[in-house]
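Reader: Please take me through this model. I want each label set against its cut-off.

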Amino acid sequence: MRTGRATTACVRLRELGPDDADVLQAVFDGLSPLSRHRRFHGPMPVLTRLAKQRLAAVDGREHLAFAAFAGTRAIGIARLVATGDQAGELAGELAVEVVDAWHRRGVGTRLARAVVARGCLLGYREFAADVLAENRAVQALFRKVFGDVAVAVDGWELRLTARLADRTCAA
């Protein structure tokens, strides 16, 4: 048994609403400058009012988000933002951030799976993420959640894309 580190068994997830800006701020505050760089693809010393408004603009359909909590403390967020609709099949951009103190404990994977499951129920079949090539943790998370992932290289960024069949979403 590990000591000194809480496990994900004590972590609960819940869907975020538009009034959860405090959760966004709490998670952002728990990110190191390196984690912020990897999540936002550049320096992000503060969460601006405009960025907070955009991130809080969840509607449960075209922009949905789940947060992870350890007790009352917000420790991570995953979101899905619609990017297109073809023949009734939605596509979305997936993003995940976990406070540094909770890295490598499965929180991001649980969050991503929750968002993907909700997305499947809503008709999303394609999930993509733009990640920095150096961000191996998110690349591994994407493969863990989806299995088969297409990778396109664009300079320092990778475009990860996964498609889910209807039977995958029903499972």
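Author: Start with accessibility: buried means under 20% relative accessible area, exposed over 50%, and partly exposed in between (1.4 Å probe, protein chains only). This is a predicted model: local features need pLDDT of at least 70, side-chain atom pairs count only at pLDDT 80 or more, and totals for chains, interfaces and linings use all residues. Residues are numbered from 1 along each chain as its sequence is written, and side-chain values use heavy atoms, without hydrogens and water.

Reader: Why is H41 called partly exposed?

Author: Its relative accessibility is 25%. That lies between 20% and 50%, so H41 counts as partly exposed. H41 sits in the loop between α2 (33-40) and α3 (49-56). Helices are DSSP runs of H or I with at least four residues, strands are runs of E with at least two, and both are numbered from the N terminus.

Reader: What makes R104 exposed?

Author: R104 has a relative accessible area of 76%. The cut-off is over 50%, so R104 is exposed. Its loop runs between β4 (89-98) and α4 (107-122).

Reader: How do you know that the radius of gyration agrees with a compact globule?

Author: The rule is 2.2 Å times the number of residues to the power 0.38, with the radius taken over C-alpha atoms. For 171 residues a compact globule would have a radius near 16 Å; the chain has 15 Å, so the two agree.
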